[in-house]
Amino acid sequence: MQDKIFETVDAYIDGLFASEDMILETIRDRARDAGLPEIEVSAGQGKFLYLMAKLTGATRMLEVGTLGGYSTVWMARALPAGGQMTTLELDRAHAAFARETFRLAGLDDVCRVIEGAALESLQALQGPFDLAFLDANKDQYPDYLEEAARLLAPGGLLLADNVIRKGAVIEPPVDDVMARGAAEFNRRLSSHPQFESIVLQQVGRKGHDGLAIARKRA
Ligand code: SAH
Ligand code: DHB
Ligand code: MG
């Protein structure tokens, strides 16, 4: 396998383009110490989300799957003054950890965590949002897609992490609910009347996966 060179190049890219400041390093260290799963986006992926947010000029952002707030901070740092980030998290301990993250990052006025099952939270939300990032349980991605279609403003940007699952989405095993959810998400997104979209295949320190990028039609 080529995993080693992909990881090494990933580290090279992050070293040049996505070095973490003390706050991002602290979030990562605290998360590891607290025993949170180490599945947050890489620094480079965080920088990518940040740039997407800047490029679109998003002022109202939505995230599904907060964990410790690492990706949230990358995106929230792209917000202009007065911008808002809403992030959804099922796990009470993750939500509490993330609130502390936002305090440490000086973003507690900007980032709001809604605790609970994301689908219910989404159904209770009013848009519009300029950007939505899906990164929670993949089995419900198809439902999250429909809610994102409702909540995004015309021209809004939808991003979804982990839609390739080491290629498992091509022929998802019956017992792999995450790959099945991601595959169904990809199928629906690719023919969704409200979106123009593509998936970028990714390799690196998080292994082999992919990121969906979609624009809601104006
Ligand atoms: N975006 C984060 C990583 C998110 S990991 C980052 O890159 O830093 C996925 C998160 O989704 C976990 O914290 C998990 O608890 C949460 N999650 C799982 N199922 C969920 C659900 N049904 N609703 C909301 N959050 C959920
Ligand atoms: C998993 C979840 C993620 O969001 C991710 O980026 C990588 C792995 C997981 O649940 O295994
Ligand atoms: Mg992810």
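Q45 sits in helix α3 (residues 43-56), where helices are DSSP runs of H or I with at least four residues, strands are runs of E with at least two, and both are numbered from the N terminus. The model is a predicted one, in which local features need pLDDT of at least 70 and side-chain atom pairs count only at pLDDT 80 or more, while totals for chains, interfaces and linings use all residues. Residues are numbered from 1 along each chain as its sequence is written, chains are lettered from A and ligands numbered from 1 in the order in which they are written, and side-chain values use heavy atoms, with hydrogens and water left out.

**Surroundings of Q45**

- Q45 counts as buried because its relative accessibility is 17%, buried meaning under 20% relative accessible area, exposed over 50% and partly exposed in between, with a 1.4 Å probe and protein chains only.
- The side chain of Q45 makes a polar contact of 3.1 Å with the side chain of Q202, and a polar atom of the Q45 side chain also lies 2.9 Å from the backbone nitrogen of S42.
- A polar contact is a pair of N or O atoms within 3.5 Å; within protein, one must be able to donate a hydrogen and the other to accept it, and residues adjacent in sequence count only if both atoms are side-chain atoms.
- When neighbours within four places in sequence are left aside, Q45 is in contact with Q202 and K206, contact meaning heavy atoms within 4.5 Å.

- D135 and D161 are both buried.
- Ligand 2 is surrounded by I39, D135, K138, D161, N162 and K206, a residue being near a molecule or strand if one of its heavy atoms lies within 4 Å of it.
- Oxygen atoms of ligand 2 are approached by a polar side-chain atom of K206 at 2.5 Å, by an N or O atom in the side chain of K138 at 3.0 Å, and by a backbone N or O atom of I39 at 3.4 Å.

**Ligand 1**

- Ligand 1 is surrounded by 21 residues, of which the closest are G65, S71, E89, H94 and D135.
- A nitrogen atom of ligand 1 lies 2.8 Å from a polar backbone atom of G65, and a nitrogen atom of ligand 1 is also 2.8 Å from a polar side-chain atom of S71.
- An N or O atom in the side chain of E89 is 2.6 Å from an oxygen atom of ligand 1.

- Helix α5 (residues 92-104) has 13 residues, which at 1.5 Å a residue should span 18 Å, and its end C-alpha atoms are 19 Å apart, which agrees; the expected span is 1.5 Å times one less than the number of residues.
- The buried residues of α5 are H94, A95, F97, A98, T101 and F102, and they line one face of the helix because, seen down its axis, they fall within an arc of 160 degrees, the arc being that of the directions from the helix axis to the C-beta atoms.
- These buried residues of α5 pack against α2 (22-33), α4 (70-76), β2 (84-89) and β3 (111-115), whereas the face turned away from them carries the exposed residues R92 and A93.
- D91 caps the N-terminal end of α5, with a side-chain oxygen 2.9 Å from the backbone nitrogen of A93.
- The buried residues of α2 are L24, I27 and A31, and they cover an arc of only 55 degrees around the axis, which puts them on the same side of α2.
- On the other side of α2, M22 and D33 are exposed, while the buried residues of α2 pack against α4 and α5.
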